[in-house]
Amino acid sequence: MTLTDLAPATPATADRLAALPVAVIGAGPVGLAAAAHLHERGIPFVVFERGTAAGSAVREWGHIRLFSPWEHLVDDAAARLLADLGWEAPAPGRAPSGSELVDEYVAPLAAHPAIAPALRYGVDVLAVTREGMDRTRTRDRARAPFSLRLRLADGTVVDESARAVIDASGTWGQANPLGSGGLDPLGWEAVADRVAPALPDVLGSDRARFAGRHTTVVGAGHSAANTALVLARLAEDESGTRVTWLIRGEAAQRISTEGDELPDRGSLGTRLQRRVRDGRIAQVDRFEILRAEDTGDGVRLHGRRDGDAATHDTDLVVVATGFRPELKMLRELRLDLDDIVEAPRALAPLIDPNEHSCGTVRPHGYRELAHPEEGFFIVGMKSYGRAPTFLLKTGYEQVRSVVAWLDGDSEAAERVDLVLPETGVCSTTGEGGDCCGPVAAAPVPVTLTAPAGLTLLPLAGASCSIDSPDGCC
């Protein structure tokens with residue numbers, strides 16, 4: 001920061017900034033929690049949502065049941081706001097589906113008279129910058145309003161100003177490519193019609209697509225495990241249905257079988273292990289995808305296994321390899337992101353899947369989420385960058401602290417109180433060895449044949465994220 005930046009703002013500039021709203025990007029659970037806290041503190045706000053209704057991203061995986069029970073899914077400020085209208089919190093101890101989360105909590109919150117007038121649907125935020133400034137200009141930067149370039153539902157593109165910006169847009173729709181270099185494998189476009197995103201509705205609207213076919217689920221996290229298990233159930237009713245679970249490593253270390261205070265999540269690894277052992281799910285481990293080939297009636301994945309060329313044939317592929325933040329829209333802002341996980345630099349060491357293992361993520365607030373661009377914050381699943389294991393309750397504490405800071409309440413902003421359930425989830429093998437142990441003891445043999453290949457595949461599958469396709473916590 002320069003001496004120029006420390007110069008006092010003129011009354012006109014200060015008055016204009018104070019009159020502008022705080023812009024919230026995303027009307028999912030965390031974005032609406034931010035709105036509730038802003039309302040509670042009397043700060044004007046506007047919420048931009050790409051979908052046609054609040055919780056649109058959650059709706060897309062609405063058939064999935066979350067791991068977290070209701071007591072971990074409702075923000076305190078939102079609950080206080082809803083209670084004024086006679087809303088009763090759902091019974092604790094029960095884990096809802098994504099659709100139930102929207103119907104019983106998100107939609108009522110969005111419809112609240114204190115929130116509804118500030119919601120703008122069908123708005124795509126194309127970019128965020130400072131008024132009249134690209135990222136290279138420093139003089140008077142901190143006193144310039146933010147400018148958001150928006151594409152409205154009718155296609156019109158406009159710019160709107162804001163005092164501060166809270167980006168709660170999540171990572172939904174930003175799946176990690178299958179290539180280890182961060183790119184799609186060669187030939188991927190040719191098989192696109194045989195590729196499904198994470199968490200398809202296998203037993204519901206997508207049943208006909210998977211029934212009687214061989215599906216390969218690629219990924220090593222909870223979304224992959226969920227999909228493989230549901231496909232195994234489908235196979236019990238639909239003859240000819242087969243499922244293969246393809247991972248890069250020797251075992252899916254993120255899927256715990258014990259030590260998890262969320263019982264549904266803790267049992268996932270046990271159930272998956274049982275299905276692998278009894279042969280209802282075929283496991284292909286240590287397979288690195290290089291390219292994809294259209295075989296006319298299916299997909300042939302070319303790759304390497306233990307350094308040798310190999311292929312794997314299947315009818316369909318489900319991409320459950322985790323997610324990443326969309327950062328292009330923030331290119332003109334001064335961000336301080338970790339080089340590895342693309343999370344705020346101070347937060348990254350707490351969540352980096354290359355470093356942390358079992359246990360909880362330390363509670364954190366505005367300090368860990370701050371960027372050199374004063375007044376701009378990334379919260380929710382997007383704040384975790386490419387790292388998995390995000391809990392809604394973490395996002396609620398993030399926005400409580402951030403909004404307190406925006407209100408000048410340093411005492412409340414600094415106080416971060418959050419008790420999370422033990423995850424029982426390991427991300428990597430640390431110095432003391434693998435703290436959770438492998439999911440499957442003995443992989444089911446799968447025949448792999450020859451041709452060559454050329455890149456590597458990081459099957460990093462997300463663990464559980466509420467506003468992303470994993471949507472499980």
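Which residue in strand 10 does Val-217 stand opposite? Select both strands and look: Val-217 faces Trp-245. Before we move on, this is a predicted model, where local features need pLDDT of at least 70 and side-chain atom pairs count only at pLDDT 80 or more, while totals for chains, interfaces and linings use all residues. Residues are numbered from 1 along each chain as its sequence is written, and side-chain values use heavy atoms, leaving out hydrogens and water.

**Stop 1: the sheet.** Helices (H or I, at least four residues) and strands (E, at least two) are DSSP runs, numbered from the N terminus. Show the open sheet of 5 strands, ordered 8-15-9-10-11 with parallel pairing. Its edge strands, strand 8 (195–196) and strand 11 (282–284), each pair on one side only. Two strands count as paired if DSSP finds at least two bridges between them. Strand 9 and strand 10 share 5 bridges in the parallel sense; strand 10 (residues 242–246) and strand 11 pair, also parallel, over 3 bridges. Click Trp-245 again and you'll find Gln-283 of strand 11 opposite.

**Stop 2: strand 9.** Val-218 comes in at 0%. Now pick Val-319 too: its C-alpha is 5.4 Å from that of Val-218, though they are 101 residues apart along the chain.

**Stop 3: a helix across the sheet.** Select helix 8 (residues 222–237), which lies across strand 9, strand 10 and strand 15 (316–319). The helix runs at about 165 degrees to strand 9.

**Stop 4: two packed helices.** Select helix 3 (residues 29–40) and helix 5 (residues 76–83); their axes are 8 Å apart, at an angle of about 70 degrees. Axes are lines fitted to C-alpha atoms, for helices over the stretch in contact (heavy atoms within 4.5 Å), and angles run from 0 to 180 degrees between N-to-C directions. The two helices are therefore roughly perpendicular, a label for angles of 65 to 115 degrees. For the contact, show Ala-36, His-37, His-39 and Glu-40 on helix 3 against Ala-77, Ala-78, Arg-80 and Leu-81 on helix 5.

Technical notes: Buried means under 20% relative accessible area, exposed over 50%, partly exposed in between (1.4 Å probe, protein chains only). Angles under 35 degrees count as roughly parallel, over 145 as roughly antiparallel, 65 to 115 as roughly perpendicular and the rest as oblique.
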